[in-house]
Amino acid sequence: MRQGDKKSGDSTIMPNSKNTVTQQSRDKTTGFEPKIVAFCCNWCSYPAADGAGVARLQYPTNIKIVRVMCGGRVTPSFVLKAFELGADGVLVATCHFEDCHYMFGARKAADVHKITERLTAMLGIEKERLKLDWISSAEASKFARVAKEFTETIRKLGPSAIKKSPYATDEIIENE
Amino acid sequence: MNSKIAKAIRDSKAYLCMECGKCTGTCPVSRYNHGYSPRILVNKAIRSGNHDLLKDKNIWACLTCKLCDERCPAAIEYIDLTLTTRLEAKKIGEGALCSHGGAAQSLMRIMTTPELEQKRLDWIDNDLKTTQQGDVLYFVGCMPYFDILFSDIKVNTLQAARASVKILNKLGITPVVLPQERCCGHDLLWSGDMENFEKLARHNIEEITKSGAKRIVFSCPEGYRTFKIDYPRYFGTHFRVEHITETIARAISNGELKMKNLEKVVTFQDPCRLGRHLRIYDEPRKAITSVPGLQLNEMARSRQRAICCGVSAWMSCSTYSKSIQRARLTEAKETGADLFVLSCPKCEIHFQCAMSDEKAGNDTRIETIQLVTLIADALEDG
């Protein structure tokens, strides 16, 4: 009975389902749907996302959450890998500095984020595609708002120039 | 047997292996990692075909420093066999454990996108003269990225880039520096990713051809090796390439560079790409000894016997790498030198990393400087 509450994008959480394919092929014809990877810390931002779901706050299904134990765990390699594999935007969401479960993790995340920002800027990735935010576990509505705003920002920017690069094939060795 | 591996065995003459084990005896990795042995890998290749060879994690542990090739009495080209093995292993989904979470590899693969508009020229100071079109091109390489990625261990590899341009300017050359230059692909090639290596190479070749450059100068030995050996081999390029130490040595012979006195004792690290891969041993030494007052103390193992800095192509960094680095730093310190002269940005990063370890003792702490920076500092003004 409650199916009406669910939005069409729910199927995208199951990557192998048939619906995903139809969803994506529909997107190609109707317009651009951003792919956004969100790294959420286990103690604040992830429960916030969870809370948003429990409270039935709607936020775009473009956000794909990767739960990490701490925002400080998110190194430049995480973000770069997401972009390399075709993400249009990357959101890093951690605790507020004062709430950090590990005392210094959120600060570390902010420090590392500066390095990541410099790297992506040098690569020529628009700075709007990368965002750091602090969302406590009680801020479910903030999570939903940030998710919505970030998705709209990326939607306006359009698709990322980086296309997923497959690994080695034997093409040019054949030509040798 | 896989035909590529079979060809590589023929080309590298691996079938001549007489199992003397000199390769394993000399290998800096085997010295600390007793589970790794080049001899066993050669034997696996020639005996059992490629079945368990390609799945062997040890093929990724090799530093490709070529020290084993130097010692091999049968003159087997082990690193060429390693390269083919890695390219084949990658095809069946094998891969190395990448250091730094694979950040460096991601940077390189992102750079394969042709539309990317990089902003990589911020390092060029106002007093340096560069251009967009010209005869001589200075290939910067990945140094702008390294300095950001490794800002926590305070590396400043771009100093070498500034010094190189300064020296070229001094010689009356205004080098081309490409704003959309890409990584040369060296590390992707050596980690078996031929497809993305090709994309980077094609982009670079196109950009360089457009710039009209006739001669390419490198300060990074890995880029130099890739342009000198791998680009011609895979893409048939004919660029005239040279390392900045060759430029400096020639200029010194012609009396074009005047140096001021610098009272220092130094020792020099031969990078594997510049040394054993390309046989450039004398030019860097000529550059160092031409500075008056500078005394060069050679390490116990130098020139073709030099020990590598412990990691290659951003993969398989481990405690063994740290042991190699500490041993090398101790060796440098034992020469009584105040300055450890390097000529590869990766050597700088790896040694700096080993020294930034809190547990590293004072006998492994030595100030490092890039060769080009040293020469640029010693140049007489005006």
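Let me start with the lining of the second largest pocket, where four helices each supply at least two residues: α3 (76-84) and α4 (105-123) of chain A, together with α17 (319-334) and α18 of chain B. Helices here are DSSP runs of H or I with at least four residues, strands are runs of E with at least two, and both are numbered from the N terminus. This is a predicted model, in which local features need pLDDT of at least 70 and side-chain atom pairs count only at pLDDT 80 or more, while totals for chains, interfaces and linings use all residues. Residues are numbered from 1 along each chain as its sequence is written, chains are lettered from A and ligands numbered from 1 in the order in which they are written, and side-chain values use heavy atoms, with hydrogens and water left out.

Back to the pocket. Its volume is about 600 Å³, and 25 residues line the pocket, with His100(B), Leu149(B), Phe150(B), Asp152(B) and Cys353(B) nearest its centre. α18(B) gives the largest share of that lining, 4 residues. By class, the lining has 12 nonpolar, 10 polar and 3 charged residues. For the classes, Ala, Val, Leu, Ile, Met, Phe, Trp, Tyr, Cys and Pro count as nonpolar, Asp, Glu, Lys and Arg as charged, and the others, Gly among them, as polar.

On method, a 1 Å grid is laid over the protein atoms alone; a cavity is a set of points where a 1.4 Å probe fits but cannot get out, a pocket is an open set with protein on both sides within 12 Å along at least five of seven lines, and lining residues have an atom within 4 Å of a point. Points are joined across faces, edges and corners, and a volume is the space filled by probe spheres set on them.

Now the cavities. The structure holds 8 of 30 Å³ or more. Of its 16 lining residues, Cys17(B), Cys23(B), Val42(B), Cys72(B) and Ile76(B) lie nearest the centre. In chain B, α2 (22-26), α4 (38-47) and α6 (67-71) are the elements that give two or more residues to this lining. The lining divides into 11 nonpolar, 1 polar and 4 charged residues.

The second largest cavity has about 120 Å³. It is lined by 14 residues, and Cys142(B), Cys184(B), Cys220(B), Glu222(B) and Gly223(B) lie nearest its centre. α11 (186-190), α13 and α18 (345-356) of chain B each supply at least two of the lining residues.

Last, the interface. Counting contact as heavy atoms within 4.5 Å, 37 residues of chain B touch 26 residues of chain A. The two chains bury about 2800 Å² between them, 67% of it on carbon and sulfur atoms. Ile110(B), Ile148(B) and Glu195(B) supply 22% of the area that chain B buries against chain A, more than any other three residues. Buried area is the accessible area (1.4 Å probe) that two parts lose on being put together, summed over both.

The rule finds 1 salt bridge across this interface, where a salt bridge is a side-chain nitrogen of Lys or Arg within 4 Å of a carboxyl oxygen of Asp or Glu. Glu84(A) pairs with Arg109(B), and the closest N and O atoms are 3.7 Å apart.
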